[in-house]
Amino acid sequence: MSNGDEIVDSVINDADEVMSLDGSEIEECLERAVSILEGEKALVELDGDVVFLGDTHGDFETTKAVVERFFDADHLVFLGDYIDREPSLWGSIYNLTYLLLLKCRFPEKIILLKGNHECNYAIPCFPYEFEGEIIRRFGSPRLHTKYVEVFSSMPLAALVKNVFAAHGGILKGADLECLRNIGKNDPVALESVVWSDPVISPVFRGAGDPFTEEDLTQFLERIQAKVFIRGHDYSTSGISIYGDRCLTIFSSRRYKEMGNGGILVARTDGEISRASDLLLEDFSTGEWVQYEMVRR
Ligand SMILES: [Mn+2]
């Protein structure tokens, strides 16, 4: 196989084909993905029915199941953290590369936001196992450099009608005009949007500027949105806080032993004015079941 279209086709037809791609085939795909991602702004603005996914962290099996079930949605918005802490060998490579190939074939439908694990080149995160994994599988760090080009071209946030979506946090003080014009690698935006947590989060990270309910309310008003959906935190999966305006979801089998509450996706169905207007489904049993959002 050498033709880029054939590589994309083979994986679209059978996701498991991603497991047999060699280094040069992957490199070709990454170059395509970069050229598509470079065409997106830091803030992706969308319309229509959307399914949001939290962190997948190398959980290729879950990603396949989500794509299979929700492919009919207008957009699948992934909230970042595709790599590291994978549940099975090479899961990060398969999960991320599969998603990038989907992006190449369905650039409007598949939206891949940046998580803090895709930001290690700018702000180190722990654990960052991905580079070592590339070296073990392909014998050199060369492909990792290509993946970093992909990471640095990923958008930071999405706005879907009333819903602002990002991996971790908000950009305090920003209005819509500011978000529309921000650089994808603006250091303040990276740390704030990709790393931050709500101030009441139990997680200590050492990066990011935590946001209060007041910060969130002001930010959402300024950008004319009503709800913030984020990933980043395995321990508060499916919990809405700050007056039902901030929902955290997590979408990986990993971190179960550390309190991960479920493999969740959130769908829009009509107008969204509170987090609990989003419909949650859980895949932690291997079957899709409706999930009751917890409000705090
Ligand atoms: Mn994260």
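**A strand and its surroundings**

Guide: E281 stands opposite Q290 in β12. E281 belongs to strand β11, residues 279-282. Helices (H or I, at least four residues) and strands (E, at least two) are DSSP runs, numbered from the N terminus. Two notes on the source first. Residues are numbered from 1 along each chain as its sequence is written. The model is predicted: local features need pLDDT of at least 70, side-chain atom pairs count only at pLDDT 80 or more, and totals for chains, interfaces and linings use all residues.

Back to the strand. β11 has a covered face with L280 and D282. Its uncovered face holds L279 and E281. In a regular strand the side chains alternate between the two faces of the sheet.

β11 has partners in β10 and β12. Two strands pair if DSSP finds at least two bridges between them. Strand β10, residues 264-267, pairs with β11 over four bridges in the antiparallel sense. R267 has L279 as its bridge partner in β11. Strand β12, residues 289-291, is joined to β11 by three bridges, and the two run antiparallel. β11 and β12 also form a hairpin, with six residues between them. In the turn, G286 has a positive phi of about 90 degrees.

Most residues other than glycine have a negative phi, and most peptide bonds are trans. H57 has a phi near 40 degrees, and H57 is not a glycine. H57 sits in the loop between β2 (50-53) and α3 (60-70). H57 is buried, with 27 other C-beta atoms within 10 Å. Here a residue is buried if 20 or more other C-beta atoms lie within 10 Å of its own, exposed if 12 or fewer, and partly exposed in between; C-beta atoms are placed from the backbone. D81 is another non-glycine with a positive phi, about 60 degrees. The loop between β3 (75-78) and α4 holds D81. D81 is buried, with 30 other C-beta atoms within 10 Å.

One peptide bond deserves a look as well. F126 and P127 are joined by a cis bond, with omega about -5 degrees. P127 is in the loop between β4 (110-112) and α5.

Now the helices. α2 has 15 residues. Its first and last C-alpha atoms are 21 Å apart, close to the 21 Å expected at 1.5 Å a residue. That expected span is 1.5 Å times one less than the number of residues. The buried residues of α2 are E25, I26, C29, L30, R32, A33 and L37. They fall within an arc of 165 degrees seen down the axis, so they line one face of the helix. The arc is that of the directions from the helix axis to the C-beta atoms. The face turned away from the buried side of α2 carries S24 and S35, which are exposed. The buried residues of α2 pack against α1 (4-13), α4 and α6.

α6 spans residues 142-152, with L143, K146, Y147, V150 and F151 buried. These cover an arc of only 150 degrees, which puts them on the same side of α6. Their cover includes α2 (23-37), α4 (91-105) and α5 (130-138).

Next, the core. A nonpolar core is a set of buried Ala, Val, Leu, Ile, Met, Phe, Trp, Tyr and Cys residues joined through C-beta atoms within 7 Å. The largest has 89 residues; F52, V77, L113, A157, F164, A165 and I229 touch the most other members. α4 gives the most to this core, nine residues. Two residues are in contact if their C-beta atoms, placed from the backbone, lie within 7 Å. Leaving out residues up to four places away in sequence, F164 touches A157, L159, L220, I223, A225 and F228.

A189 lies in helix α8, residues 187-195. A189 counts as buried, with 21 C-beta neighbours inside 10 Å. Its contacts, not counting residues up to four places away in sequence, are A42, L156, L171 and I182. L171 is 18 residues from A189 in sequence, yet 6.3 Å away C-alpha to C-alpha.

Finally, the whole chain. The protein chain has nine helices and 13 strands. Its radius of gyration is 18 Å, close to the 19 Å of the globule rule for 296 residues, so it is as compact as a globular protein of that length. The radius is taken over C-alpha atoms; the rule is 2.2 Å times the number of residues to the power 0.38. Of the 296 residues, 49% count as buried.
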